[in-house]
Structure formats: structure tokens, C-alpha cells
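Welcome! Here is a short tour for anyone meeting this structure now. Please take a look at it before reading on.

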Amino acid sequence: MKKLMTLFWDIPKKEAQSIRAFMLLLFFTATAYYLLKKHSTESKQRVLLTIYPYEAPVYQRFHFDPNTLTEDSLALLGIPEKTMKSMINFRSKGGKFRTKEDLQKIYNFPPVLYDSLAPWIKIQTSPKPQQKIIAMDLNLADSTDLVTLKGIGKTFASRIIKYRTALGGFHSLDQLNEIYGLKPETIAQIRPYLKIKTPVSKIKINEVAELKHPYLRSYQAKAILAYRKQHGEFKDLDDLKNIDALDEETLANLLPYLQF
């Protein structure tokens, strides 16, 4: 090595410059070859793409229910084959997607794909079977029965029964509107659970010695008894219309409770 170095330094200056220039040229040539070889694959790909352009698959977007969609339709959405099979296997075992978020429970379901599909998921819900309503007879129901109705507590149950007793029974569900404090929306809510089957108690208008009813004021009741005493028994409603103290509304309310 020492002899080689001695020999190198003994070379004339002009020839040494030529050697150094050659070595630099050799270095740059080797470097260029390495870089060209490294990037040759990428260059080939760019050339191929120029000649044969690659078209990425275009997936469709449409509203779908993951509980019913076929395998072909799932593929159109861009769902990978393995994920697709997991979904179908889940459904075949009785599984059901109840919310769109349930789709994320499928093993390896791509999060990015879920975010893309989420706005298009429309899960159809089956209507719940309607329960058969068993209506209670308003004229027989006691407080225990009435408090089972939504919006009816002990206070309203007591008022209903008290008013029913004073009337002699309800002849129409509309009469619930006459109960103090009972709101129309509450009545509308409980109507389907009520019926009137038992008839009201009638007032024997030609026999009673004392007349008292929620639809009659005391002076009207006295007027009826006085008219009967003076003119004899009432034959029908027209006889009652002869009493000045009785207006048409009072007679219409009272009629279902009268027996001639």
C-alpha cells in the first residue's frame, strides 16, 4: 500500500489531474445508474398508465335496508366480499340490524365505508301488533277500575262515581265533560277504554214526591211538581214544554232520565 501511495505521488502533475477527472466521471456515472435503476419501476408504471389508463371502480349509492339487501346489491355499494359474507351469515342466524349503527358490529366493517353509507341506510320497522282494547262499563266501574286509566287518579275516580250516582248513571261518554277539572285531552285519551252498557236509572216523573237531579235547579224541580199537581200526570215531553221554567237545553239533558 505504501509503495502504491509512493507511486501515486510520483505521477506527474498533469497525468494525476487526468486520473482524478476520470475517477469523478466514474463516480457520477455509477450514481446516475443507481438512481435510474431505483426509479425504473415507477417510470414504467407511469408509462403504462399513460398508455392504459386505470379506472377505479365506481360504487353506487342508494337507500337500502341491510336486513333485506341481496349479495349483488351489497357488492354495488362497495362492501368487501368478506364483510358481505359476514353480514349474510349474521342474518342467516336470525340476526337483525335494528339501527344503522348495528352495521359497525360486523367484524372488520371498514369505518370509512360505514361513514359513506350511513346517510343511505333506511331500516324498515315492523309495526307493533295492536293490543285489543277491553273497554269497561262506565256505569259499573269502581274506583279501582277507573284509576287504571291514564290521567285518572283517586280524585277524578271519586268525582266520576259521585257524579254518576247523582245522575242515575251515564247515558253518554260525552257527559264526562261535565266533571269538574277533567280535561278534554284526558277524556279523549280514556274514551277507547270506556263503554256504556248498563242503562241509567229512570225517574218516574208522575210518581215522585220529591225531585232532585243535577240537570235541574231547585226552582225548576218545584215547577214540575206544581204543574203536575195542577194539570195531572205528564203524558210526554210536550207536557213538560208547557212549563216556562224549563228551557230546551234542560229538557234535552233531562229526557234520557225520565219515565212517563
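Predicted model: local features only at pLDDT ≥ 70, side-chain atom pairs only at ≥ 80, totals over all residues.

On the face turned away from its buried side, α5 carries the exposed residues Glu81, Lys82 and Ser92. Thr83, Met84 and Met87, in contrast, are buried in α5. Viewed down the helix axis, the buried residues of α5 fall within an arc of 105°, so they line one face of the helix. What do the buried residues of α5 pack against? Their partner is α4, residues 71–76.

## The length of α5

Helix α5 covers residues 81–92, twelve residues in total, and should span 16 Å at 1.5 Å a residue. Its end C-alpha atoms are 16 Å apart, which agrees with that expectation.

## Asp115, an exposed residue

Next, look for Asp115 in helix α6, residues 111–117. Is Asp115 buried or exposed? Its relative accessibility is 56%, so Asp115 counts as exposed. Eleven residues away in sequence is Gln104, and the two C-alpha atoms are 9.9 Å apart in space.

## Gln175, a buried loop residue

Our last stop is Gln175, found in the loop between α8 (154–167) and α9 (184–190). With a relative accessibility of 2%, Gln175 counts as buried because that value is under 20%. Leaving aside residues up to four places away in sequence, Gln175 touches Tyr163, Leu167, Phe170, Tyr215 and Tyr257.

Note on methods
Residues numbered from 1 in each chain as written. Heavy atoms only, no water. Helix = DSSP H or I, 4+ residues; strand = E, 2+ residues; numbered from the N terminus. Buried < 20%, exposed > 50% of the residue type's maximum accessible area, 1.4 Å probe, protein only. Contact = heavy atoms within 4.5 Å. Expected span 1.5 Å × (residues − 1). Arc of directions from axis to C-beta.
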